[in-house]
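User: I would like to go through this model with you. Could we begin once it is on screen?
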Amino acid sequence: MALDAGNRKTDFVVFDRVQKSYDGETLVVKDLNLDIAQGEFLTMLGPSGSGKTTCLMMLAGFETATHGDIRLDGKPINNIPPHKRGIGMVFQNYALFPHMTVQENLAFPLEVRKIGKDEREAKVRRALEMVQMQDFGVRRPAQLSGGQQQRIALARALVFEPELVLMDEPLGALDKQLRERMQFEITRLAHQIGITVVYVTHDQTEALTMSDRVAVFNDGKIQQLAEPDVLYEKPENSFVAQFIGENNTLTGTVQEINGTVATVRLDDGEIIDCTPVNVSRPGERTQVSIRPERVEYNRDRLSPDAHTIHAEVLEFIYMGDIFRTRLRVAGNEDFVIKTRNAPDQRRLQRGETIEIGWLPEDCRALDA
Amino acid sequence: MTDAAADAPIPKPDAGDRARPERQEPLVAADGRPLKKSLQRSLRRQKLRAFGLVAPLLLFVLVTFIAPIADMLFRSVENQIVSETLPNTTAALVGWDASGEDLPDDAAFAALSYDLAAAVEQRAHTRLGSRLNYETTGISSAFRRSGRGIDDVGEIYLDQFVALDPVWEDSGFWARMIGAEGWAHPAPFAPSAQAQGLLPETAAAYTAFARAMQIRNDDDPAAEEPWAPVYLALQRDLSAADAGDVSAWTGPGAEQLEAAHAAVGGFESVPVRDLIADVDDAWLEHDVWATIKTFSPPYTPGYFLTSVDLKLSPEGAIVAQDDYQRIHVLLFQRTLFMSLVIMGCTILLGYPIAYLISNMPMRTANLLLILVLLPFWTSLLVRTSAWKVLLQQQGVINDTLVWIGLVADDARLTMINNQFGTIVAMTHILLPFMILPLYSVMKTIPPSYVRAAKSLGATNWTAFWRVYFPQSVPGIGAGCILVFILSIGYYITPELVGGTTGTFISNRIAFHISSSLNWGLAAALGTILLVVVLVLYWLYDRIVGIDNVSLG
């Protein structure tokens, strides 16, 4: 029952010029402006210390904004204590109450809302069914596996039917397989119920696979707010390009900008064509970003428009579905390319000199 | 969703079972020995090593802790002093019914004179008097007074025997006649079988005399004149023996014995009872004899009965202690009650502090913990004395209250030398024992629990009471056990600030150890205290579970 686009508010949660400082000297969150639509799955992604968790805590009410407004459904919530905000929250280590059974854990938010016993039990049962844990009601959290605890924590955050659920790295403690399964499950539930989710993680794969939109945080600021594919393919600055996915960087100086093409002289003298993103004038230093899978060395596959350059093979790793090759390109020894393991693909030898190429669209000139 | 089953425990395929062949033969290690034996061998060395490491401590604990406690437990029931000091008397009293009206028979009176004469020689009669005085007041003076006259009992017969034949004054003759063949001084004196058969009381009396001589001064009995009670015994034996038996005597002194036997019927005689009554007329009291009889077994419940304000009456029945001596039950109750109050106070004061410290940044928390521990670094006496200074009637607090005008100068508060003073001082002293376990438990409660509760809609109080508090209970449990057990046996502080209404059972124990020297009673009180603590500990384990106690 996802809300259809016409009904949903685009400004369900609003951060309006929010700043946060703990010590009065440095800002942990700098001038944050963010609108989250109803029913949206928004992920705050960033390295630790980037301010993403602080934003989440301000939204939950455990931290107060030093400056600016946070509005939920149009109402400022800066001065509302956490227990009156009606926001569900899933914590990093689940925070299931160890002295209560699963049922008691789920009934807790209903009890403090003074919901009658019968209704409470019905809701608890429904929530357990929702996460397919109906047989585990009488167990204690310590008797559950990590994944089961995760589900109970999710059910507990949803059982009192909040419109907004916050998740603070909820999958951090799970192993890789379970994490992937839970990613799928959380998104499925979120869309099924139609709740708004604000999700905090430092795992970019998680962010890309789960979210409607991702806000990349660094240094207390949102570096880019976009859909996952845009974020990956069209990073707006070098931080985002580095942080999301694997990325090759070549440094150089802009020589000329001509509409959608910028000519860049790399530090070793090579001249290449790029798409200018945030360079504006000749003479500026730039980092040129190319994704490893957009680079091709097989002449037959190389587009005629491709820009070619010589490279020396330093390392060739067979990874099953792909080959991963480390090259020396224009003085950079960490230039990585990934090629699909196709029947006609040639395997490279270490020390071999090859010619690689890419399209100018895939090569983005970013800030230095 | 495909994974609900995946998280549930999956029944293991039976591949694991198949991997093991049918194991009829035991597995062997590489050198051909059975695997189990090899494992045991290698483990045994580890065990020996571990044992070697703890052995010194184990020895220390055994010598300084287990042994004294065992000794204390033993002392609380041990009562050999009566049967050791009065062996003949207790033997003579076996057939006597203490619950009747009658005094014991003459044999008991006579035996008392033999035993007491020996006890006086060894200065043991006053100790026995003190021991029995715990049970029946006044008995010690009977023993003390008897000490002066007991060796004159039987003098009347001594004179007549000596008048009959001066050889009866010869100390060597006595030793030869009664002593076993081949006995000579440094060996402990032993009577001959013949003497024990014909002259049982004389043999006993002379043996008591001879042993007393040997033990007391290392004197040779053969060189010492027997004391008068021995002649009393001889008179009684000869009067009871018939002529045929006496003439059958083959040992030394046969003719003297025969002559004495012929003459003894004509001796001037006095009833034994009167002889003893002349020494002290307390011996005509039924209670004195009944007490000796009741406490003659080597083990007695008497100390324990006294500990709970009961006693064995001289007749051997369990009755309530006299009113003016009833104190122990009151003291036990007071000790338990005040320990509970002190425990409650430390929870009330310690919990908020521990909560505060556990929620502080590390640096501040460490500083505050040092402040909590600071009292540990000053002497207990100093702290207790400081409370005296503060709480006394001319003390700081009273002065301040008077100065402010809250209290009139002639109505100063009594805050010391009573229960209030003890509770205040002990709460202060024991507070760290509550704060530290609480703190160490609280530190491990992640703040995310309370946050989760709040995000689920709980107010601050609900979040604390429903989520935080239950998780801090193990800390409270540990603190309670520590504080309660420490305070139940506390001694110095109640002694210094407790006055009469604020003293604990431990002060009574100390009194019996060092002042009244009634160690048996002190041991019984201590044993009861130990049992109470163990029972409480057991109860606590049943109710709260000792696993829930966490010292961090």
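User: How far apart do the C-alpha centres of domain 1 and domain 2 of chain A lie?
Analyst: They lie 39 Å apart. This is a predicted model, in which local features need pLDDT of at least 70, side-chain atom pairs count only at pLDDT 80 or more, and totals for chains, interfaces and linings use all residues. Residues are numbered from 1 along each chain as its sequence is written, with chains lettered from A and ligands numbered from 1 in the order in which they are written.
User: Where are the domain bounds in chain A?
Analyst: Domain 1 covers 13-238 and domain 2 covers 248-367; the bounds come from an automatic or database domain assignment.
User: How many residues are in contact between them?
Analyst: Four residues of domain 1 of chain A are in contact with seven of domain 2 of chain A (C-beta atoms, placed from the backbone, within 7 Å).
User: Turning to the chains, how many residues does each give to the contact?
Analyst: Chain A gives 25 residues and chain B gives 19. On the chain A side, strand E6 (87-90) and helices H2 (102-111), H4 (146-158) and H5 (176-193) each supply at least two residues; helices (H or I, at least four residues) and strands (E, at least two) are DSSP runs, numbered from the N terminus.
User: Next, which residues of helix H7 of chain B are buried?
Analyst: In H7 (residues 125-133) of chain B, B:His125, B:Leu128, B:Gly129, B:Arg131 and B:Leu132 are buried, meaning that 20 or more other C-beta atoms, placed from the backbone, lie within 10 Å of their own.
User: What do the buried residues of H7(B) pack against?
Analyst: Their partners are helices H4 (80-85), H6 (106-121), H8 (139-149) and H17 (286-294) of chain B.

Definitions and conventions: Two residues are in contact if their C-beta atoms, placed from the backbone, lie within 7 Å. A residue is buried if 20 or more other C-beta atoms lie within 10 Å of its own, exposed if 12 or fewer, and partly exposed in between; C-beta atoms are placed from the backbone.
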